[in-house]
Amino acid sequence: MEQLLNLIDGELRPAVSGAWLDVHAPATGTVYAQLPDSDESDVEAAVEAAHRAFPAWRALGREGRSAILLRLAELIEQDLDGFVMDESRDNGKPLSLARRVDIPRAVANFRFFATAILHFPSEAHLMDDVAVNYTDRQPFGVAGCISPWNLPLYLFTWKIAPALASGNCVVAKPSEVTPLTAYRMSTLCKVAGIPPGVLNIVHGLGPKVGAAITAHPRIPAISFTGGTRTGAEIARVAAPMFKKLSLELGGKNPVLVFADCDFEEMLRTTVRSSFTNQGQICLCGSRILVERSLLPHFRDAFLQRVEALRVGDPTDPASDLGAVVSKDHMEKVLAYIDLAKSEGGTIRCGGERIHLTGDLKDGWYIAPTVIEGLGPNCRTNQEEIFGPVVTIQPFDTEEEALTLANATPYGLASVVWTKDLQRAHRVARAIHSGIVWVNCWMVRDLRTPFGGVKQSGVGREGGVEALRFFTEAKNVCIKL
Ligand code: NDP
């Protein structure tokens, strides 16, 4: 059985403890690899190596670092098939999705930040005849990066790339549930020319490895993407140490469908925004709010499309949905469907586990599920389910649509469907979320600020926001 290794100080090695954890394939429910069950001693070795590597990495300058990161992007792209297979096997997502989105996006993250750093400006502020101020943005040393399982390499590189480009060294932990592509990438680092200690990848459990990174006194900044509860725990530990924190957390995103929308485009996109990656994208719309006059037509057409989605073998190009990421997660999502029923919801389609046959008979598959008949305050419409489950609620006025949209503790993303430009602007301004898509979904420009409000997070990633997070600004004031 394949054994994955940590990348510490440029070497691939097992955990100091010698202990291993199992890695499961969601499609079959079987164990196919092991990862190091690391602990604080592995994190300590990684932090030491990162600090040793920092002066030379920083001194390499933007262009030197950029060239190395571009080489790494190139190497991942050359091994696209291998990465795609690993991502699909590890996560259960359709191979076609990993090929179209996950791996190309990981490559794009490196290319984007490797070139963005070349154009990252410093500001200067002139005070008439008194003085000139300039902003010196310097890397701070070692960044801690912790990422989740839903878009494994995509979100891992979204943190690592700006951290490295800015001149920091990194101690990173991918999700223990999906470690495979981070490991595959670690085998390319030497060939790419990343010096030992610059990028350290420590595998293992969140409460051990993640917690050790968060608490380490020599890691002054943590970039975390994951659940809101874990984010709160990280903030609790990091805040008294005055660490810089970027927290990208959960969501309960509304999709507002007004009767004047382009119906066909809305329908096609809403099926995608509901069920892409089995609904396991923080940006998926899980609460569909529909103007009442459109509701009967919407319901019929939407259910017809959702019932036609094929849940199946992730390697089959005909599969629209693959498996959800783990047995625990499947059970959590199914428990939410039971909760929706007990809260008085009507299951319009789906609502159960799907048992495939042959090798896939023990895989973790859930039918895409649509629920109606629940108000905004029940747990089903308040808590993040993070699976192939959406609810539909009607509204009569724009004001009511906004009240419903804003009626959760989350505020990550939202989608608005209308042809009325004035309304689009009004609604976009009034929605409590960090991201608003109007007449589209998941259209991503990597230069834009990315992040949420309320319990969806603190801080912004993307573009210059990420480069600012991974540097410390110092004002230098010189008397004229
Ligand atoms: P978790 O919060 O469970 O885990 C995220 C990462 O944190 C994992 O690597 C995990 O390790 C680690 N971790 C767990 N406990 C601790 C701890 N005490 N200290 C430090 N690190 C810890 O999230 P999931 O992996 O379940 O991901 C799903 C969540 O991520 C959803 O809520 C989703 O909305 C959110 N998300 C947010 C995004 C955004 O941009 N806002 C984007 C994508 C997802 P381990 O795997 O070993 O538990």
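This is a predicted model: local features need pLDDT of at least 70, side-chain atom pairs count only at pLDDT 80 or more; totals for chains, interfaces and linings use all residues.
The residues that line the second largest pocket divide into six nonpolar, four polar and three charged, where Ala, Val, Leu, Ile, Met, Phe, Trp, Tyr, Cys and Pro count as nonpolar, Asp, Glu, Lys and Arg as charged, and the others, Gly among them, as polar. Of these 13 lining residues, Arg100, Arg272, Thr276, Ser319 and Asp320 are the closest to the centre of the pocket. Residues are numbered from 1 along each chain as its sequence is written, and side-chain values use heavy atoms, with hydrogens and water left out.

The second largest pocket has a volume of about 260 Å³. On a 1 Å grid over the protein atoms alone, a pocket is an open set of points with protein on both sides within 12 Å along at least five of seven lines, a cavity is a set of points where a 1.4 Å probe fits but cannot get out, and lining residues have an atom within 4 Å of a point; the points are joined across faces, edges and corners, and a volume is the space filled by probe spheres set on them. Helix 4 (95-116) and helix 10 (263-275) each supply at least two residues of the lining of the second largest pocket, helices being DSSP runs of H or I with at least four residues and strands runs of E with at least two, numbered from the N terminus. Because domain 1 (2-249 + 456-479) and domain 2 (253-445) both give residues to this lining, the second largest pocket lies between them; the domain bounds come from an automatic or database domain assignment.

The largest pocket has a volume of about 1,500 Å³. Of the 47 residues that line the largest pocket, Trp149, Gly226, Gly227, Thr230 and Lys332 are the closest to its centre. Helix 9 gives the most to this lining, with six residues, and among the other elements that each supply at least two are strand 4 (20-25) and helix 12 (327-342). By class, the lining of the largest pocket has 19 nonpolar, 17 polar and 11 charged residues. The largest pocket also lies between domain 1 and domain 2, since both give residues to its lining.

The ligand has 32 residues around it, of which Gly206, Thr230, Leu249, Cys282 and Glu384 come nearest, a residue being counted if one of its heavy atoms lies within 4 Å. Its polar contacts are pairs of N or O atoms within 3.5 Å. A polar backbone atom of glycine 206 is 2.8 Å from an oxygen atom of the ligand, and a nitrogen atom of the ligand is 2.7 Å from a polar backbone atom of leucine 249. The protein covers 88% of the 890 Å² of accessible area that the ligand has on its own, as computed by the Shrake-Rupley method with a 1.4 Å probe.

Of the 16 residues that line the largest cavity, Gly251, Gly279, Cys284, Ser286 and Phe386 are the closest to its centre, while strand 14 (285-291) and strand 19 (389-395) each supply at least two residues of the lining. The second largest cavity has a volume of about 70 Å³, and by class its lining has nine nonpolar, no polar and two charged residues. Helix 5 (residues 152-165) provides the largest share of that lining, three residues.

Technical notes: A polar contact is a pair of N or O atoms within 3.5 Å; within protein, one must be able to donate a hydrogen and the other to accept it, and residues adjacent in sequence count only if both atoms are side-chain atoms.
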